[in-house]
Amino acid sequence: MELFQKIIKRVLLAVFSLFVIVTITFFLMNLIPGDPFMSEKANPEAQAALRAKYGLDQPIYIQYGKYLNGLLHGDMGNSYVLQKGRAISTIVTESFAVSMSLGIRALILAILIGVPLGCIAGLWKNKVPDACIRVISAVGISVPGYVIAAVLMLLLAVQLRVLPTSYNRPGGTVMPIITLSLYPTCYLIRLTRASILEVLNQDYLRTERAKGMSERVVIFVHALKNSLIPIITYLGPLTASILTGGFVAESVFNVPGLGRYFVSAINSRDYTLIMGTTIFYAALIIFMNLVCDILYQVVDPRIKLD
Amino acid sequence: MEKQILSMQIKTSPSDFEPLAKGYFKDEKENLEEIGFWKASWIRLKENKIAMAALVVILLIVIFAVVGPEVSPYSYDQQIRGDENMTPCLKHPFGTDRLGRDLLVRCMVGTRISLAVGIISALIVLVIGSIYGAISGLVGGKVDIAMMRLVDIVYSVPEILLIVVFKLVLDEPLNYLVTNVEFFRPLQKIGSGLLAIFIVYGCLYWVGMARIVRGQVLQLKEMEYVTAARALGASRRKLIKDHLLPNCIGQLIATVMLQIPSAIFTEAFLSFLGIGVSAPMASLGSLTSDALESISSSPYRMIFPAMIISLIILAFNLFGDGLRDALDPKMKQR
């Protein structure tokens, strides 16, 4: 029952955070002087007509109310600059499908590589494999995503010509996926290693050994299982980092995903599109954080949610 | 020394009171507690070869960034006629870009910007975060709950998105302030883009620091010496200044050190997206992003700034890790 209450509290906080983001984004975006029709070559009357059509002539609190109401119905308005007149919700859902298919593959790759390497490093602490893995992960965490993208491009596409530079050709998804997964992989390595080391110090493992349990059972059944739990908490930040990584990877490799739209919306100052994308991203990240908080609580009752 | 079993008497000889020979304890570090916090930390840090190597790299990079542009015969925005699109050579070790600007000096200036962003942002975060966290932890009760709710909300907001939004909004007003208001004119040289990054950092990134400080304060508050000081009538101000801050300073320094690379990372990311520093100013992020257009014809333009930024972040990360272990040995197992 207590758990249920905590979850409710958590959900409310998440909804409130989302509301804060929507409000901040909306008012900030409206602080920027000018509106999308300023650049229109049409005469002032035509501009005024356009403003009236899109409700931009009304006081800001009414616009805000309308925007909130629209959001609740999944309507984020229209893009004014980048793709004139197209509904933002369509742009977002279409391009997010592309981003998601890349993102999920990158996430799986990161987990498949990061967790085992982290385990190896933790179990062979201060030995050669540990040292190698730690160096790799320290470097991997320090190299910005765009540098990785550029290096991959230079090596694999320009010099060796084994992979196409364009996303549409066969094999075009390989480089974006590697770019996206490198940082999460290295972060997961460090996280898993730290978690394993902590579990290895626990008293219950000593007790098991003292009772004569075989080392294999101790490590594989008890130590690994318990040390993998905290990794769930990283799922939320992991999603966030893959999303922001997407801004870079998709722009560099020309992937028609949401990240690239976001970046080009920024560069062409398409404020409604920026607003819509920001809110969508925020909702996604807050939701993922919420899910892994609750999951963590359910899996490990020792953790206090607050 | 001979101890008789079942008796309280201990026979001693004068030699028992001689000082021990140096190196009597196999591990002299056992005595680190006696020689003071800073010295002990320094000894632990010196032993960490990786951290020391990182420190040397950081110092070299600082020299590169601070002294370099002063020594260089070119300035970062100087367009040298006839030297456009040069590959690395003696005259221009890093080559030139298509406007004939020397890339070596641009990299130096970019490094300067990155370091400044990292250090100033970390300081902003330190000041706001520690004051907020200390007040919240000390006052406690409803104030604490309210203050921590705010932290929770800011924490749950994906910051990179808000940074982009803030940045877009702040650019124009800041630009106006910097160019038209006398008071802010000295800031013109930094540029509105960078100012916006600092403001955004101040607004968003202090929450992590506030949480750490509050946790420390809550822990220290229960210590006997704090109770004693309070019983003697020490004011809150004095409690913070004399008892609480000095005791969590180690963790604070380590957190600040690790904040620097993260700020540098963010600035490079923003500049790469095209919303960081404004041209003709160079930052390592914007240099890399400019170079991306000509990556197949002149890859050298990409390689140098990319290498420098990775090196800076790596060195700060490694040094920060070492510093954390040295200042707070209890954390080392984690």
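Modeller: Two residues are in contact here if their C-beta atoms, placed from the backbone, lie within 7 Å. By that criterion, 35 residues of chain B are in contact with 41 residues of chain A. On the chain B side, the elements that give two or more residues are α5 (141-156), α6 (159-180), α10 (236-273), α11 (284-292) and α12 (300-327), where helices are DSSP runs of H or I with at least four residues, strands are runs of E with at least two, and both are numbered from the N terminus. That side has 25 nonpolar, seven polar and three charged residues; Ala, Val, Leu, Ile, Met, Phe, Trp, Tyr, Cys and Pro count as nonpolar, Asp, Glu, Lys and Arg as charged, and the others, Gly among them, as polar.

The model is predicted, so local features need pLDDT of at least 70 and side-chain atom pairs count only at pLDDT 80 or more, whereas totals for chains, interfaces and linings use all residues. Residues are numbered from 1 along each chain as its sequence is written, while chains are lettered from A and ligands numbered from 1 in the order in which they are written.

Chain A holds twelve helices and zero strands, and its C-alpha trace spans about 85 × 60 × 25 Å along the principal axes. Just after α8(A), Gly212(A) takes a positive phi of about 90°. In chain B, by contrast, the buried residues of α8(B) include Trp206(B), Val207(B), Met209(B) and Arg214(B).

Within chain A, helices α6 (residues 145-159) and α10 (residues 235-252) pack at an angle of about 25° with their axes 9 Å apart, and they are therefore roughly parallel, a term for angles under 35 degrees. Their contact is made by Gly145(A), Tyr146(A), Ala149(A), Ala150(A) and Met153(A) of α6(A), and by Gly245(A), Val248(A), Ala249(A) and Val252(A) of α10(A); these residues divide into seven nonpolar, two polar and no charged.

In the loop between α10 and α11 (258-267) of chain A lies Asn254(A), whose phi is near 60°, a positive value in a residue other than glycine. With 14 C-beta neighbours inside 10 Å, Asn254(A) counts as partly exposed.

Key: A residue is buried if 20 or more other C-beta atoms lie within 10 Å of its own, exposed if 12 or fewer, and partly exposed in between; C-beta atoms are placed from the backbone. Axes are lines fitted to C-alpha atoms, for helices over the stretch in contact, and angles run from 0 to 180 degrees between N-to-C directions. Angles under 35 degrees count as roughly parallel, over 145 as roughly antiparallel, 65 to 115 as roughly perpendicular and the rest as oblique.
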